[in-house]
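Biologist: I have a chain open here and would like to go through it with you. Can we start with the overall picture and then look at single residues?

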Amino acid sequence: MATLQTSANKLYHSPIKAALHLPNRPQMSNVSLPKLPTRTNLILEELKKRSITTDDCYTATSNGRKPKLDLHDDKALDSTEVVAELYAIMEAVADRVEMHTIIGEQRNNWNNLLLTSINAITITASTMAGLAAIAGSGAPLLALKLSSTLLYSAATAIILVMNKIQPSQLAEEQRNAARLFKQLHNEIETTLALQKNPTHADVKDAMEKVFTIDQAYPLPLLNGVMLDKFPKSVSPAVWWPQHDKKHRSLTSSTDKNNGWSVALEKEMKGVLGVLKRKDAVEYMRLSNLVLKVNKVLAISGPLLTTIAAIGSAFIGSSISPPFVVLGVVGGALASVVNTIEHGGQVGMVFEMYRSCAGSFQLLQENIESALEEREVGMRENGELLEMKVALQLGRSLSDLRRLGDDCDHGGHEEFASKLF
């Protein structure tokens, strides 16, 4: 018993030690994080592809580095400057794409919200006019017909503004601008990829295209910059520079004919004739038709709400029944007209047809500029042009050749475009 107590006392008084072992921290010396590309890195990477580095401009000497080339010589640093300028234009174009996309969505929201608000106002005003007709006399009649008149007047003012700016057409303009700026961005990328030494002519051409698109699809709504929504005469949309229609091939061709042949020239002439006689004429006809419909709807909407406002103001007079009809039916018809005009986005349809006509005009000018150039070597490569035309018209190469042959043999002409 004594032995057990002694052992227990020793165990109770002996210190207990514990150790906590943590795992060693991993070594991060061999881990490398990716770096985000900057404009400087992109330009340097592009210059490396063209074998242009700072070592090409300097040479090592005993006193340090001396310029191998004159840094103020335009020829020595021409390619470097051009690449930097093209990247700067690409940045501006990318910003315009984002800007036109955001504003296009905003103006599309304008169309939806304003249309909903106008219809709600006119229907409410029409209901109040009907209630005023059965309200008898006194304060209820005065309150109902006054409210109906004020609502119709407000609807008329909103409709006039909405018909003036045509939000659905504005949204379509911004969508077209965003698409064209994306296309220009891709063209500059192609120039940098295929041309080893781009020139200042490429920079000038890109700048002119940027400003031409800005002018074709302006953003401001004030100061007379906005496009006329109801022009006296319809013309195709133009978003390309007019003074220079020559298209240089970005790739060198070993073919002395530059991809051209007699058969290809006949084919392009045939396609050009179909574009002029069928597609361009048809889309201009549709543009004029939609514009006339839009003008009628734009006049009818505010005219109906004005008539309804006058009718609701004279409810309760000695000749009340005709004015009740005007106040109630006028508002209902105005809602129908506004829904057709802005819910159907007639302005957007007009701009779409106008842009399609512009696309056909640009395609015609590209083909004409190639055929008018007598020196085959100065033309755009024939096979490349044929492929571009086929893609833009939504046809295969064999289908495009069949279209040209049918036109030469006087067969039944169909529309050149199958894409839209």
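Predicted model: local features only at pLDDT ≥ 70, side-chain atom pairs only at ≥ 80, totals over all residues.

Biologist: Fine. How many helices and strands does the chain have?

Modeller: There are 11 helices and two strands. In sequence order the pattern reads α-α-β-β-α-α-α-α-α-α-α-α-α.

Biologist: And what share of the residues counts as buried?

Modeller: Of the 420 residues, 39% are buried. As for contacts with a separation of 6 or more, 80% of them come from residues 24 or more positions apart.

Biologist: Let's take H10. What span should it have, and what are its ends doing?

Modeller: H10 covers residues 382–393, which is 12 residues, so at 1.5 Å a residue it should span 16 Å. The C-alpha atoms at its ends are 17 Å apart, which agrees.

Biologist: Which residues of H10 are buried?

Modeller: Gly382, Leu385, Glu386, Val389, Ala390 and Leu393. They cover an arc of only 135° around the axis, which puts them on the same side of H10.

Biologist: Why would positions spaced like that point the same way?

Modeller: An α-helix has 3.6 residues a turn, so residues three or four places apart point the same way.

Biologist: What is exposed on the other side of H10?

Modeller: Glu383 and Leu391 are exposed there.

Biologist: Which residue caps the N-terminal end of H10, and what follows the helix?

Modeller: Asn381 is the cap, with a side-chain oxygen 3.2 Å from the backbone nitrogen of Glu383. After H10 comes Gly394, with a positive phi near 70°.

Biologist: Speaking of positive phi, which residues other than glycine have it? Start with Gln166.

Modeller: Gln166 is one of them, with a phi of about 50°. Gln166 sits in the loop between helix H4 (139–165) and H5. Asn258 is another residue other than glycine with a positive phi, near 55°. The place of Asn258 is the loop between helix H6 (200–216) and helix H7 (262–313).

Biologist: New topic: charged residues. Where is Arg107, and what is the nearest side chain of opposite charge?

Modeller: Arg107 is in helix H3, residues 78–133. Arg107 is buried and has no salt bridge. The nearest side chain of opposite charge is that of Glu173, 5.6 Å away.

Biologist: Which backbone oxygen lies 2.6 Å from a polar atom of the Arg107 side chain?

Modeller: That of Leu219. Leaving out residues up to four places away in sequence, Arg107 touches Pro167, Leu170, Ala171, Gln174, Pro218, Leu219 and Leu221.

Biologist: Now Glu172. Where does it lie, and is it buried or exposed?

Modeller: Glu172 lies in helix H5, residues 167–194. Its relative accessible area is 10%, so Glu172 is buried.

Biologist: Which side chain does Glu172 join in a polar contact?

Modeller: The side chain of Arg175, at 3.1 Å.

Biologist: And what does Glu172 touch, not counting residues up to four places away in sequence?

Modeller: Glu172 touches Met348, Glu351 and Met352.

Conventions:
Residues numbered from 1 in each chain as written. Heavy atoms only, no water. Helix = DSSP H or I, 4+ residues; strand = E, 2+ residues; numbered from the N terminus. Expected span 1.5 Å × (residues − 1). Buried < 20%, exposed > 50% of the residue type's maximum accessible area, 1.4 Å probe, protein only. Arc of directions from axis to C-beta. Polar contact = N/O pair within 3.5 Å; in protein donor to acceptor, adjacent residues only side chain to side chain. Lys, Arg positive; Asp, Glu negative; His and termini not counted. Salt bridge = Lys/Arg side-chain N within 4 Å of Asp/Glu carboxyl O. Contact = heavy atoms within 4.5 Å.
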